[in-house]
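Good morning, and thank you for coming.

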Amino acid sequence: MSDFNLSVVPVDQLGVFERVSRFQKRSIKGTSKIQGLKMALNMIDLTTLEGADTENKVKQLCNKAQHLHQNLDSLPTVAAVCVYPSMVKIAKQQLKNTDIKIASVATAFPSGQSPIEIKLADTQFAVEEGADEIDMVISRGKFLEGNYNYVYDEIATIKEACGSARLKVILETGELGSLDQVRKASDIAIQAGADFIKTSTGKISPAATMPVTLVMLLAIKDHYQKTGQMVGMKPAGGISTAKGALQYLIMVKETLGDEWLNNQWFRFGASRLANDILMQLEKRNTGHYQSPDYFSKD
Amino acid sequence: MAKKKIVWELSEAIESTDHIEIKDQYELFIGGKFVPPTQKKYFDTVNPANEEKLARIAEANEEDITKAVKSARKAFNSWSKLSGAERGKYIFRIARMIQERAKEFAVIETLDGGKPIRESRDIDIPLAANHFFYYAGWADKLEYAFPNRKPHPIGVAGQIIPWNFPLLMAAWKIAPALACGNTVVLKPAETTPLTALKLAELIQESGLPEGVVNIVTGAGESGAALVNHKGVDKIAFTGSTEVGKLIQQSTAASNKKLTLELGGKAANIIFEDAAIDQAVEGIVNGIYFNQGHVCCAGSRLFVQESVFNQVLDKLKARMETLIVGNPLDKNTDVGAINSKGQLKTIESYIKSGVAEGAELHQSSAQLPKKGFWCKPTLFTEVSQSSKLVQEEIFGPVLAIQSFRTVSEAISKANNTPYGLSAGIWTDKGSKIFNMIMNMNAGVVWANTYNKFDPASPFGGFKESGYGREGGLHGLSAYLNF
């Protein structure tokens, strides 16, 4: 058992809500809006995590990742596609010769209710299949019991198994109960070696919210100030509008700075967001909102 | 994958001024009509963000004040006899009309005073409407508010308000006075008269009986004439302690009732167990809100020594993200200093701080070339004896000290002639209660700052004045028993 230094950092919920409402009041217009929307597209982990996923669905998703909307020129691609381990190989084939990363969930996603051996095997399989990034879940039960060492060790063990793949640690904040707990879980994950911390699996409601994300960004900031090491952030689930995405970006900018405004350090886990952004960009071009049916649903 | 650093700047988001109307010249509002001043003297009101003239404003002399007081006296006879329910209807109507024109009021407040549109839109104007709503509700319930005490109105209230929250202060003064059956003569500050005059237009349109509200403009002399007028039964003043003392002297040995809401030098106290990030946010809002032109601004900061450096680093980092500039831009956090005179005052304090050996830190924000501007500023290495710590600066200047023990924090925080407000930052409830009991301040906020609500009384201890505004307490300032 390793021991780590967990100092509890209190979080004031109302203070967090107030700060968030200031971000939401920022008026992002004109060229800053277009730049922000393109940036957001480039940060998306285009995701499909269903029991009913098929090879064909993953292929279609990979195609969308490369060609978001043929009508619009000079669009970026998304950052990554995010799939189950069984689909990594397919995605890898589809996306070879592109910059788009393959992210795979692992460690008995989404509940994490399996022994460490199985989680390790799950992770190793995904890495061997070619995943560039692993999205693991923490053992929320152990965390809520107060068994922080277990959670820390688990993350550290999975991190080792990832090799060169980057590790995103999903805290599943919707199950943690308070912002104080979110902060504690963030600190544990960061100290255990997370390359990214991520809010949610998308299987639990509430998924990502701005207050939760702000608390996690502040944990990243404190770590950066102490050690000089950057950690990435990925809010996932529940972010479906372009306007919402821009508010997240302004929060990242004003909390962590412009260094974090790229897909190496910030991601959106989202499946519907891309089309809403495309709709906004298309409106900018044509002056009209178009029917959702003009945008491919993959 | 994108690795080069992206710079993402917000584009301008200027609030439109197309929908507002500002006349070239404004007269005095007396007896329900706009009448020219006897002396035909006018002064300019300017936009402090670009020094452009907005309008010419009438200057009231003694004769004009007499006219206004007479018209208020005449109106008092019938207004005070109107049933509370009827008075309430008029006040409700004013509240609703302010809401309907909120955008217009917000833009004019920002043009005339330099405060960010975000603040006038989200704080000043909605709160002003809320004050009218709140006191409208009391108009027919005074007997219940003060059971067995037979409340009745005082008469003509002379009200003098400052330039930091022009419409909001007008609402704080007018709403309870009317609800209690008084009539008023209100004098707005000379640098920010426009929203009060817009309110006069609105009141005229609302059908409020003539003379119930009179609004006279001018500088200190006009105010002195109002204070000294024999026909005034009550003076309510919000402004500097210096002027407050003069008013108290001149109303001594008269029958006039007096309430004073004066300066402040509030202490914000951060304990080591506080939620530091949120505390820093509260400190920033406490001192840089409305450019620090706030009587309850948290202008002194005491930080427990074990977290001093952490707080200071975070504070400096947060200051860098404050957007300083055009007050009409919806993204502006810190606007223009209200007047040239006030800017000079603030700058002289900053100079004296540096001369005393305090360590100056300012945000790196670029200031516009025209207009009156001051960067968000903080000082460390200050002592209790420093002018920066003792005197009210009324600008975006924070003086920071450290402390070791709770008793030290209490004694330092109370060691000021003022006693308007204080802020406590700790995650521990018991500490909050202990501090509240020991702060000599009219308002103590815990883990938040600058929260206002019409239902909550506001006012000071010591040289921050006496009498309370807001809530039930605010009514008794306008009643005889």
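Which residues of H11(A) are buried? They are A:Leu273, A:Ala274, A:Asn275, A:Asp276, A:Ile277, A:Leu278 and A:Leu281. Please keep in mind that we are discussing a predicted model.

Let me place this helix for you. H11 of chain A runs over residues 273–286, 14 residues in total. From its first C-alpha to its last it reaches 20 Å, close to the 20 Å expected at 1.5 Å a residue. The cover over its buried residues includes helices H2 (30–41) and H10 (242–255), together with strands E1 (44–47) and E8 (268–270), of chain A. Just after H11(A) comes A:Gly287, with a positive phi of about 85 degrees.

In soluble globular proteins, nonpolar side chains tend to be buried together. The largest core here has 163 residues, and the members touching the most others are A:Val81, A:Val169 and A:Ala189. Helix H9 of chain A, residues 210–227, supplies the largest share of this core, with nine residues. Apart from this core lies another, of 86 residues, including B:Phe29, B:Ala72, B:Ile91 and B:Ile203.

Finally, where do the two chains touch? In chain B, 24 residues are in contact with 29 residues of chain A. Helix H10 of chain B, residues 276–288, gives the largest share of chain B's side, namely four residues. By type, that side of chain B divides into nine charged, eight nonpolar and seven polar residues.

Thank you for your attention.

Methods
Residues numbered from 1 in each chain as written. Chains lettered and ligands numbered in written order. Predicted model: local features only at pLDDT ≥ 70, side-chain atom pairs only at ≥ 80, totals over all residues. Core = buried A, V, L, I, M, F, W, Y, C linked by C-beta atoms within 7 Å. Buried ≥ 20, exposed ≤ 12 C-beta atoms within 10 Å, placed from the backbone. Helix = DSSP H or I, 4+ residues; strand = E, 2+ residues; numbered from the N terminus. Contact = placed C-beta atoms within 7 Å. Nonpolar A, V, L, I, M, F, W, Y, C, P; charged D, E, K, R; others polar. Expected span 1.5 Å × (residues − 1).
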